[in-house]
Amino acid sequence: MNLNSRKLYFILSISVLAFGLIIVFYLSHIHFLRHFISDVIIVLFIYSGIKLIFPRLHPNKTALGVYIFAIIIEFLQYFKINLYLGLNSKDLLVKLTLGSTFDKMDLVAYSIGFILIILFEKRSQKVNLKS
């Protein structure tokens with residue numbers, strides 16, 4: 001992993017974070033963006049952050065790990081884990097980490113995020129091979 005790859009993950013992390021914040025603060029009234037695209041973005045953000053900090057991790061295994069993590073969190077929402085742990089679902093930190101409600105469409109969004117990561121990595125590998 002060279003410095004240019006680390007710069008790429010840094011730029012990706014910042015870009016995805018910025019786009020996510022724009023959705024939350026300025027476009028939250030658009031249901032599709034706030035409740036679907038933001039779930040795609042969170043998978044991209046977690047992945048790019050992990051790759052920025054641990055650049056030597058295998059891209060496909062890391063992407064799969066992030067995908068599985070997102071699915072586990074979603075199913076914890078289904079089983080209302082926050083209630084069993086005595087956590088207040090109105091607490092911002094709880095909402096950010098565990099979410100608040102289960103939604104099947106979130107699983108679709110996480111799948112799209114996973115696919116985008118795989119496509120991104122394949123494309124970046126092709127570009128690296130050419131240079």
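Q: What makes Y47, F114, I117 and I118 contacts of A63?
A: In this predicted model, contact means heavy atoms within 4.5 Å, and, leaving aside neighbours within four places in sequence, A63 meets that criterion with Y47, F114, I117 and I118.

Q: Why is the set that holds V43, Y47, A63, Y110 and I117 called a nonpolar core?
A: A nonpolar core is a set of buried Ala, Val, Leu, Ile, Met, Phe, Trp, Tyr and Cys residues joined through side-chain atoms within 4.5 Å, where buried means under 20% relative accessible area (exposed is over 50%, partly exposed in between, with a 1.4 Å probe and protein chains only). The largest such set has 20 residues, and V43, Y47, A63, Y110 and I117 have the most contacts inside it. Helix 1 (3-26), helix 2 (31-53), helix 3 (59-78) and helix 6 (104-130) each supply at least two of its residues, with helix 2 giving the most, seven.

Q: How do you know that the pattern of the protein chain is α-α-α-α-α-α?
A: Helices are DSSP runs of H or I with at least four residues, and strands are runs of E with at least two, numbered from the N terminus; the protein chain comes to six helices and zero strands, so by this definition the pattern is written with α elements.

Q: What share of the protein chain counts as buried?
A: Of its 131 residues, 32% count as buried.

Q: How are residues numbered, and which limits apply to the model?
A: Residues are numbered from 1 along each chain as its sequence is written, and side-chain values use heavy atoms, with hydrogens and water left out. Local features need pLDDT of at least 70 and side-chain atom pairs count only at pLDDT 80 or more, whereas totals for chains, interfaces and linings use all residues.
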